[in-house]
Amino acid sequence: MSRLFRLVLLGSVTGFVSVIGSQSVASAQEAPAARDVVVVTGARAETLRSDSTLATAILEADALERVGAHHVSEALNRLPGVNINRGNGAEHLTAIRSPVFTGGQGAGSFLYLEDGVPLRAAGFANINGLFEGADGLADRIEVVRGPGSAAYGSNALHGLVNIITPDPQDAQRSVQLEAGSYGRASAQANLSGETGFGAGWLGLDMRHEDGWRDDASLDRRVLQTRLDGQLGQTDWSLRLSGVDLEQETATYVGGFEAYLDEAASRRNADPEAFRNAYALRAALHLNRPITETLSAQATLFTRSNEMQFRMHFLPSEALETSGHDSVGFQSALVWALDDSVFRLGLDTDFTEGALREFQTRPTIGPFVQGLHYDYTVQSRTVAAFAMAEHQLTPRLRLDAGVRWENTRYAYSNRAPVGEVGRYLRLADRDDSFDTLAPHAGWVFDVNDSLSLFGRVARGVRAPQTAELYRLQPGQSVEGIEPETLDSAETGLRLDLGGAAQLELTGYVMRKDNVILRDADGLTVTGAKTRHHGVELEGGWSITDALMLSGAVSWAVHEYDFNGGAGAGSERIQKGARIDTAPEWLSSLRLFWRPVDRITVETEWAHVGEYFADAGNTAAYNGHDLFHVRLSKDIQDQIRISLAVRNLLDERYAERADFAFGRYRYFPGEGRTISVSAGWSF
């Protein structure tokens with residue numbers, strides 16, 4: 001199944017490349033058609049909702065181009081409530097209104113989408129899942145903080161990231177080259193124009209780096225295409241994506257504040273660690289009016305991915321091979337009346353996945369040499385949702401929705417049943433989970449400049465297959481239930497036109513049936529946590545040439561139970577702070593245009609102190625980084641840019657952790673310089 005799927009999808013991509021290449025394109029002097037910015041995340045509808053009840057932050061194309069991110073964390077960490085820890089190469093751990101999670105928590109608490117379609121099946125999420133997105137080619141990236149709406153299901157728990165592909169009607173033809181410190185080099189190309197089938201776009205993004213640390217090179221290649229057309233009254237859009245990753249992985253640096261030693265930070269204790277992966281996706285989006293007030297929307301999709309990596313963060317350093325193939329569809333009927341909009345939808349996802357874990361190293365305590373796990377899982381997810389919006393008065397709008405979702409797993413074990421060291425292999429079994437996710441919100445326009453909003457919502461996630469079937473002795477599937485997160489938030493939006501914009505949001509959240517992994521790698525089930533915080537995002541045009549913008553977040557994330565599988569640093573006490581959860585995060589930027597065609601952006605990024613273990617006995621002091629980016633336009637078609645990251649050469653940790661009885665860190669890079677040149681034609 002997987003091999004046939006890959007051949008068909010690659011053939012489609014190749015064919016589309018040849019179509020784009022053989023057709024004429026619009027004149028380089030032709031200005032793109034004017035259009036509104038479109039937010040599709042909230043309701044899977046392409047309409048701008050500046051009055052959304054969702055806390056949505058958007059990175060537009062110009063901001064993404066200005067950042068020129070070497071890693072997606074550079075861009076997303078500009079947004080309120082977002083804290084993505086970069087590991088090595090393309091690896092990362094995500095936090096959105098949350099601590100930085102590991103294990104199944106890290107994989108299943110956030111939903112990663114491409115044009116509204118999940119990058120992975122929900123039960124097979126990847127903790128490093130954003131490397132499978134085409135962020136370098138994106139038209140924009142939308143981030144919802146807090147539970148997703150009823151339009152999305154499992155994994156839209158703490159938040160979601162939706163990467164939007166360029167519209168062929170607006171996409172420019174361009175080429176960009178970049179070179180920088182530590183052997184960094186990248187090339188990006190965009191083609192667009194009319195074809196015999198409709199408007200088309202093709203994007204290619206290739207990146208290489210030798211690595212700041214020893215034996216830590218990275219090669220990442222992304223190919224993406226989109227073809228939009230019309231058949232009768234039906235608007236259709238075919239979108240294809242392929243991502244290929246090869247990286248040598250640098251492991252943690254051990255020892256208290258080891259990141260302060262540059263020589264130690266650059267050494268790699270496991271030069272054999274690596275991560276190789278690919279992801280292929282295809283989606284056909286359809287939209288057809290039925291009557292003046294009723295329309296039908298549908299998206300048919302398929303995906304295939306495979307990953308192989310050495311688990312360098314565990315003493316076993318076992319080799320894991322995993323992957324899954326999926327087909328599915330999303331659908332909705334939309335009634336647009338004078339003061340109301342109603343949506344009814346049905347979604348399905350059919351997936352077959354496999355995982356194998358093997359340790360070649362000699363036995364180290366419970367980490368035994370040989371086969372750990374070898375199993376397959378067939379998954380079926382069916383969901384139905386209903387949503388409604390109503391303009392109750394000229395100033396007050398209400399919305400509400402609910403989603404029911406059923407997930408079934410059929411697990412087949414291909415290894416001997418029973419305990420082997422710290423590994424428990426289950427016999428074949430079937431499991432089923434039902435979740436219900438309601439939400440309701442309001443927006444009140446005080447005047448033309450000020451609006452107030454609020455929302456209550458429940459986020460849900462069915463357990464990850466790895467949480468169910470990679471157990472340890474003494475654990476049982478029967479103790480693992482779907483996680484729920486109940487959230488309430490309120491805030492205000494102030495829009496003074498071109499002078500200033502501001503959004504202030506406060507929230508409280510409580511999670512139940514939490515599945516945690518402690519610092520010794522043991523799974524804790526049935527836990528409870530609570531979260532509250534305040535987020536501020538805004539921009540102020542000081543003069544025509546000077547603008548201040550940024551985001552500041554304050555949050556407290558706490559355990560709401562007593563327990564823990566270990567002792568000492570892993571004995572969890574109710575009211576203790578959750579580890580790797582900074583109280584303060586901020587990103588402030590000053591944008592200056594001293595003369596026409598020259599821009600300068602300076603950025604201050606702050607990560608506050610946080611505990612590195614669940615027992616709150618180990619801590620990291622936080623850090624402050626400064627970045628500078630300059631660009632100069634030569635005529636209207638060529639732009640040259642210079643970026644200096646970590647201008648003051650600060651010694652810091654991307655991630656601080658206390659595990660297996662010691663401090664360990666992913667050290668941050670020192671000062672880096674990169675130069676790029678782009679040509680639009």
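**View 1. The second largest pocket of this predicted model has a volume of about 340 Å³.** A pocket here is an open set of points on a 1 Å grid over the protein atoms alone, with protein on both sides within 12 Å along at least five of seven lines, whereas a cavity is a set of points where a 1.4 Å probe fits but cannot get out; lining residues have an atom within 4 Å of a point. Grid points are joined across faces, edges and corners, and a volume is the space filled by probe spheres set on the points. Of the 20 residues that line the second largest pocket, T251, Y252, A269, H312 and R662 are the closest to its centre. The elements that contribute two or more residues to this lining are β13 (253-254) and β35 (662-667), where strands (E, at least two residues) and helices (H or I, at least four) are DSSP runs numbered from the N terminus. By class, the lining of the second largest pocket holds nine nonpolar, four polar and seven charged residues, with Ala, Val, Leu, Ile, Met, Phe, Trp, Tyr, Cys and Pro counted as nonpolar, Asp, Glu, Lys and Arg as charged, and the others, Gly among them, as polar.

Residues are numbered from 1 along each chain as its sequence is written, and side-chain values use heavy atoms, with hydrogens and water left out. Because the model is predicted, local features need pLDDT of at least 70 and side-chain atom pairs count only at pLDDT 80 or more, while totals for chains, interfaces and linings use all residues.

**View 2. β13, β35 and β34 form an open three-stranded sheet, in the order β13-β35-β34, with antiparallel pairing.** Two strands are taken to pair if DSSP finds at least two bridges between them. The edge strands are β13 and β34 (653-659), each of which pairs on one side only. Six bridges join β34 to β35, and within this pairing F658 stands opposite Y663 in β35.

**View 3. The second largest cavity has a volume of about 740 Å³.** By the rule given for cavities, the count comes to seven of 30 Å³ or more. The second largest cavity is lined by 46 residues, of which S73, E74, L625, Y652 and E654 lie nearest its centre. Among the elements that give two or more residues to this lining are α3 (72-76), β2 (85-86) and β27 (546-559), as well as β28, β29, β32 and β35. By class, this lining has 15 nonpolar, 20 polar and eleven charged residues.

**View 4. Strands β28 (residues 584-595) and β29 (residues 598-607) pair in the antiparallel sense over nine bridges.** The two strands form a hairpin with two residues between them, and R597 in the turn has a positive phi of about 80°. L585 has V607 in β29 as its bridge partner. Ten bridges join β29 to the antiparallel strand β32 (residues 623-634), where the bridge partner of T599 is S631.

**View 5. A nonpolar surface patch of about 780 Å² is made by V175, L177, L630, I634, I638, I640, L642, I673, V675 and W679.** Patches are made of residues with over 30% relative accessible area and no salt bridge, like charges being joined within 9 Å and nonpolar side chains (Val, Leu, Ile, Met, Phe, Trp, Tyr) within 5 Å; accessible areas come from the Shrake-Rupley method with a 1.4 Å probe, and for residues only the protein chains shown count as cover. At least two residues of the nonpolar patch come from each of β8 (174-180), β32, β33 (638-645) and β36 (672-680). β8 pairs with β36 in the antiparallel sense over seven bridges, with S674 in β36 as the bridge partner of G180. β33 and β36 pair in the antiparallel sense over eight bridges, and R639 stands opposite G678 in β36. In a regular strand the side chains alternate between the two faces of the sheet.

**View 6. Five strands form an open sheet of mixed pairing, in the order β1-β6-β7-β4-β5.** β1 (55-60) and β5 (117-118) stand at the edges with a single partner strand each, so one side of each is left without a neighbour in the sheet. Five bridges join β4 (residues 110-114) to β7 (residues 159-164), which run parallel, and the bridge partner of Y112 in β7 is V161.

**View 7. R239 forms a salt bridge with D115, the closest N and O atoms being 3.1 Å apart.** R239 lies in strand β12 (residues 234-248) and D115 in the loop between β4 and β5, so the pair ties together parts that are 124 residues apart in sequence. The structure holds 57 salt bridges, each defined as a side-chain nitrogen of Lys or Arg within 4 Å of a carboxyl oxygen of Asp or Glu.
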